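Dear colleague,

I am passing on the structure we spoke about, and below it you will find notes on what came out of looking through it. Please read them with the model open beside you.

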Protein chains: 2
Amino acid sequence: MNSQDSLPNKIINAIQAVAGKEPLGLHEPTFDGNERRYLNECIDTTFVSSVGKFVDKFEADLAEYTGAKYAVAVVNGTSALHISFLLAGVKNDDEVLVPTLTFVATTNAVTYCGAFPHFVDSDEKTLGIDTYKLKQHLLRNTKQKNGLCINKLTGRTIRAIVAVHVFGHPCDINGLLSIAEEFNIMILEDAAESLGSTYNGKHTGTFGFTGALSFNGNKIITCGGGGAILTSDDSVARRAKHITTTAKVPHAWEFIHDEVGYNYRLPNLNAALGCAQMEQLPSKLRAKRNLYARYKSEFSTLTGVSLLAETEKSKSNYWLNTIVLDRDQMHHRNAVLEATNNAGLMTRPVWKLMHELPAFSNCQRMNLETATQLSRRLINIPSSSNIL
Amino acid sequence: MNSQDSLPNKIINAIQAVAGKEPLGLHEPTFDGNERRYLNECIDTTFVSSVGKFVDKFEADLAEYTGAKYAVAVVNGTSALHISFLLAGVKNDDEVLVPTLTFVATTNAVTYCGAFPHFVDSDEKTLGIDTYKLKQHLLRNTKQKNGLCINKLTGRTIRAIVAVHVFGHPCDINGLLSIAEEFNIMILEDAAESLGSTYNGKHTGTFGFTGALSFNGNKIITCGGGGAILTSDDSVARRAKHITTTAKVPHAWEFIHDEVGYNYRLPNLNAALGCAQMEQLPSKLRAKRNLYARYKSEFSTLTGVSLLAETEKSKSNYWLNTIVLDRDQMHHRNAVLEATNNAGLMTRPVWKLMHELPAFSNCQRMNLETATQLSRRLINIPSSSNIL
């Protein structure tokens with residue numbers, strides 16, 4: 001396996017043909033615009049904290065860009081998911097359908113509401129939920145009662161489906177919306193990785209009840225830490241802002257909070273960084289599509305491995321470029337990971353599947369065969385927007 | 001009441017004699033040091049997010065300053081409280097003793113663990129928990145069972161007491177520690193407002209199981225948003241860091257999370273601001289003691305109102321200077337609030353008491369007479385460290 005034509009070496013050569021011989025991280029932030037200026041402006045005006053013009057501007061910029069009527073800025077993607085679930089009415093002893101192939105935040109946020117994740121399988125083309133399998137699973141295992149979808153085995157209400165757009169690739173959101181309607185389940189979108197990705201020309205995160213964005217340091221744009229809740233419903237937006245800002249009732253001096261609230265507001269300092277980054281989003285997206293195209297050209301000549309592509313109806317932000325080992329090559333996964341990382345090229349497999357984590361190993365689940373195979377086949381390769 | 005010698009006018013005159021005639025906020029941040037430099041350094045190095053040298057430095061600076069062995073930086077004071085409660089073992093159906101006179105975050109964080117707040121009364125001198133009344137309440141209403149303190153009425157375990165150092169004034173923490181030992185209850189400190197305050201020469205937040213700090217924009221130093229968990233226990237510190245960083249197990253590329261975790265880490269960008277602010281903490285504390293002394297001199301000549309002072313054993317950071325209306329003057333509270341705010345001097349009453357908020361009105365409580373009276377008598381006056 002150490003010969004020049006081993007799969008690991010061929011993959012290293014393909015990456016280096018595109019990205020050069022220098023060490024590369026998986027996804028590094030770049031700051032080429034007004035970042036310093038806006039941060040200094042926060043200091044000059046002393047508006048660094050819970051209110052400030054950058055919070056308002058960042059929310060307006062996100063709403064305009066995504067086409068959502070509202071964006072409510074919060075402290076990170078996890079908190080955006082948590083509040084989305086709360087506002088959707090997810091509560092103690094509910095079940096929420098979550099793809100097993102996702103980042104742990106999706107699943108953790110379900111448990112914050114006292115609800116149980118119920119894991120579903122993935123589609124090989126989009127890495128999103130396999131809608132055909134999900135429908136069959138629901139037909140077999142649920143019944144309708146008083147307009148709710150009940151898990152026949154547990155007796156619990158299946159309240160919501162989380163549509164995750166994995167690595168920026170839009171899932172089959174239309175398929176999920178159909179299922180949601182048929183089975184009386186709400187759709188929430190985890191668009192943490194998919195800012196800039198669209199499906200049928202409509203931005204991810206704007207199809208469901210809410211869409212959760214993330215601006216962590218590894219995302220396409222960053223606030224240091226940050227997130228947002230997208231919604232086009234006035235009352236959801238109002239409640240999202242209220243409950244993420246300690247549920248304080250406006251008053252000149254009284255501190256009255258009319259429900260249990262959260263301290264999830266995004267500081268103005270972090271929003272300032274976000275505003276500067278939003279100005280560069282179009283150029284970052286162009287750079288990332290360009291990087292994908294160059295990787296595609298290199299990987300198209302390799303056997304045993306392919307590069308994940310957007311599907312016909314969707315446009316991906318190509319947040320993380322992803323190679324897929326052929327089924328008969330998946331035993332090489334760890335060798336590829338070791339060789340690439342040893343060569344200074346940061347790569348990683350997909351997250352440990354949710355149903356394999358100790359905290360969630362006893363949760364409800366369907367047959368998870370495709371996701372299980374995918375977890376042995378997928379490898380993310382260096383994808384920073386500044387790879388020239 | 002509009003004459004020059006009305007109580008509201010006398011209070012306005014006293015504040016303006018100290019602080020001048022210009023409009024004043026209640027507590028405004030000041031940035032006189034390396035704030036711009038450290039923020040720009042984050043951009044230059046691209047370390048703005050979940051790891052970075054400023055996070056490490058901020059934690060080390062806080063530990064050194066407070067004398068706690070460890071400080072774990074988190075995203076705000078609320079998350080510091082939440083994780084403190086979790087690590088103390090506060091869980092579903094427990095009760096936690098919380099002063100009714102506190103900011104809502106203390107109480108909200110109890111509910112995040114599925115536990116119930118149980119409200120206790122306050123001491124007029126410190127604004128902290130009245131330890132004498134608390135002990136009598138526990139003697140009458142609890143029993144010991146298997147080394148736990150059980151509320152005889154509800155049958156629930158009383159797991160913890162939250163010692164809040166209100167407005168920076170250290171509470172009777174030694175008294176609370178005695179009660180905790182006698183009744184087998186844990187002490188956690190909400191030191192969100194008391195960075196720089198000590199009791200018997202020891203920093204607040206270092207007496208209990210943990211101490212929660214806040215660096216919100218209105219605090220003595222700010223990160224934009226931020227908080228920290230103080231502890232001198234190695235395993236508590238390790239678990240606090242682990243659970244606030246999604247409980248991820250270290251590995252070169254695998255994403256394994258060994259329990260339900262939280263995304264509460266402080267971004268490096270916010271820690272950078274915190275490091276610059278920590279350098280100025282001693283000068284801010286001096287300025288605030290000086291401001292207190294000048295207020296004290298002015299208010300000592302007024303009848304009907306006094307200025308809250310640190311007690312013999314404690315040293316307050318005088319985060320928010322607080323005037324206390326005499327009992328026979330408390331009907332003037334709203335007139336004082338209106339007149340001062342109309343004069344451009346931002347003042348506010350204490351928070352609405354916790355047991356008066358709709359979410360908590362059905363919770364267990366003792367007689368809350370002193371806190372109820374205090375809530376009609378306390379007014380915070382402008383306290384920024386840059387008032388000359």
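Which residue follows H3(B), and is its phi positive or negative? The residue is B:Gly67, and its phi is positive, near 85°.

Before going further, please note that this is a predicted model, in which local features need pLDDT of at least 70 and side-chain atom pairs count only at pLDDT 80 or more, while totals for chains, interfaces and linings use all residues. Residues are numbered from 1 along each chain as its sequence is written, and chains are lettered from A and ligands numbered from 1 in the order in which they are written.

Helices (H or I, at least four residues) and strands (E, at least two) are DSSP runs, numbered from the N terminus. The buried residues of H3(B), that is, those with 20 or more other C-beta atoms (placed from the backbone) within 10 Å of their own, are B:Phe54, B:Val55, B:Phe58, B:Glu59, B:Leu62, B:Ala63 and B:Thr66.

As for the two copies, superposed by least squares on the C-alpha atoms of residues with pLDDT of at least 70 in both, chain B can be laid on chain A with an RMSD of 0.0 Å by a turn of 180° and a shift of 0.0 Å along the axis, which is the relation of a two-fold axis.

Technical notes: Buried ≥ 20, exposed ≤ 12 C-beta atoms within 10 Å, placed from the backbone.
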